[in-house]
Amino acid sequence: MSTTFQLDTSTSRAHPTPAPMKRLTVPQVRERKVAGVTAEPIVMLTAYTARQAQLLDTHCDLLLVGDSLGQVIYGLPSSVPVTLDLMIAHGAAVVRGSYHAAVVVDMPFGSYEASPQDAFASAARVMKETGCAAIKLEGGEAMAETVAFLVHRGIPVMGHVGLTPQAVNVLGGYNARGRSTAEADKIIADARALEAAGAFAIVIEGVVEPIAVAITQAVACPTIGIGASAQCDGQVLVTDDMLGMFERVPRFVKIYENIAETIGNAAARYAADVRARSFPGPEQTYQPRKGASE
Ligand code: KIV
């Protein structure tokens with residue numbers, strides 16, 4: 001049985017959980033889009049740790065525990081090596097650190113493609129062991145049967161079409177998709193198949209803008225763009241990318257801060273203090289209490 005649902009404020013640096021606050025639910029996210037219109041765009045960011053989740057939570061409708069954690073946290077060359085156990089560990093941390101946003105956990109490569117039954121076993125573990133609201137998987141028409149199988153058995157599914165990073169070895173890279181008519185038609189057909197299968201939302205990644213707009217108009221469920229279009233029903237970015245943690249990011253990333261510089265500067269000041277023996281100072285050291293016996 002999982003014990004991952006409660007934030008243990010006695011042993012973590014977490015803020016105490018604020019007085020009763022309800023998380024957004026998957027149906028509430030789905031219902032943001034009414035008759036093809038999403039009056040209030042859906043805000044999603046990736047989160048991989050409890051503290052990151054705490055900081056992002058109130059600003060986001062959805063927190064995505066993306067398998068991009070493979071590259072962002074673990075320095076892997078792609079998301080292909082990411083395991084189910086890794087996703088579960090980080091998914092549970094993000095659920096512990098949040099109380100408002102609905103948490104979606106990515107299904108890693110190899111955990112869902114072989115059969116709907118395999119997918120169910122993996123997704124059920126993710127749901128049980130993290131407490132997340134939904135899972136996300138990559139692929140369109142080829143995954144439609146699996147999406148329907150999961151949804152009918154109580155597992156909300158977010159789809160992901162266009163540039164699907166787990167397929168990097170088939171695609172040959174991370175270039176934008178949908179430049180040829182055939183490719184564009186295929187991506188639109190993929191999105192339609194996911195919607196028909198019951199996906200509650202669909203991530204559209206790295207596609208030429210008119211295709212993102214066409215999909216957003218074609219499907220009744222919300223689309224969430226990344227390298228797609230402002231006309232999608234919502235947007236997602238990899239948080240560490242938009243915080244300026246990396247020198248190289250895809251061109252669709254807007255950088256809102258320069259955290260790498262902040263960290264580098266802080267580390268340089270700390271190193272100088274240590275080398276000058278000015279840290280720790282009186283405020284950071286313990287002295288014997290006055291009058292304490294030996
Ligand atoms: O893994 C991830 O972070 C993602 C987003 C980029 C959509 O799938």
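Reply: Let us begin with helix 11, which covers residues 259–275 and contains 17 residues. From its first C-alpha to its last, helix 11 reaches 24 Å, close to the 24 Å expected at 1.5 Å a residue (that is, 1.5 Å times one less than the number of residues). Helices here are DSSP runs of H or I with at least four residues, and strands are runs of E with at least two, numbered from the N terminus. The model is predicted, with local features requiring pLDDT of at least 70 and side-chain atom pairs pLDDT 80 or more, while totals use all residues. Residues are numbered from 1 along each chain, and side-chain values use heavy atoms without hydrogens or water.

What follows helix 11? Arg277 does, and the phi of Arg277 is positive, near 55°. In the segment after helix 11 one also finds Pro280. The peptide bond leading from Phe279 to Pro280 is cis, and its omega is near -5°.

A positive phi also occurs at Ala35, a residue other than glycine, where the value is near 50°. Ala35 belongs to the loop that joins strand 1 (33–34) to strand 2 (37–38).

Around the ligand (a heavy atom within 4 Å) stand Thr46, Leu64, Gly66, Asp67, Ser68, Asp106, Lys136, His160, Val203, Ile226 and Val238. Several of these residues make polar contacts, which are pairs of N or O atoms within 3.5 Å. For Ser68, a polar side-chain atom lies 2.5 Å from an oxygen atom of the ligand. For Lys136, the distance from such a side-chain atom to a ligand oxygen is 2.9 Å, and for Asp106 the corresponding distance is 3.1 Å.

Note on methods
A polar contact is a pair of N or O atoms within 3.5 Å; within protein, one must be able to donate a hydrogen and the other to accept it, and residues adjacent in sequence count only if both atoms are side-chain atoms.
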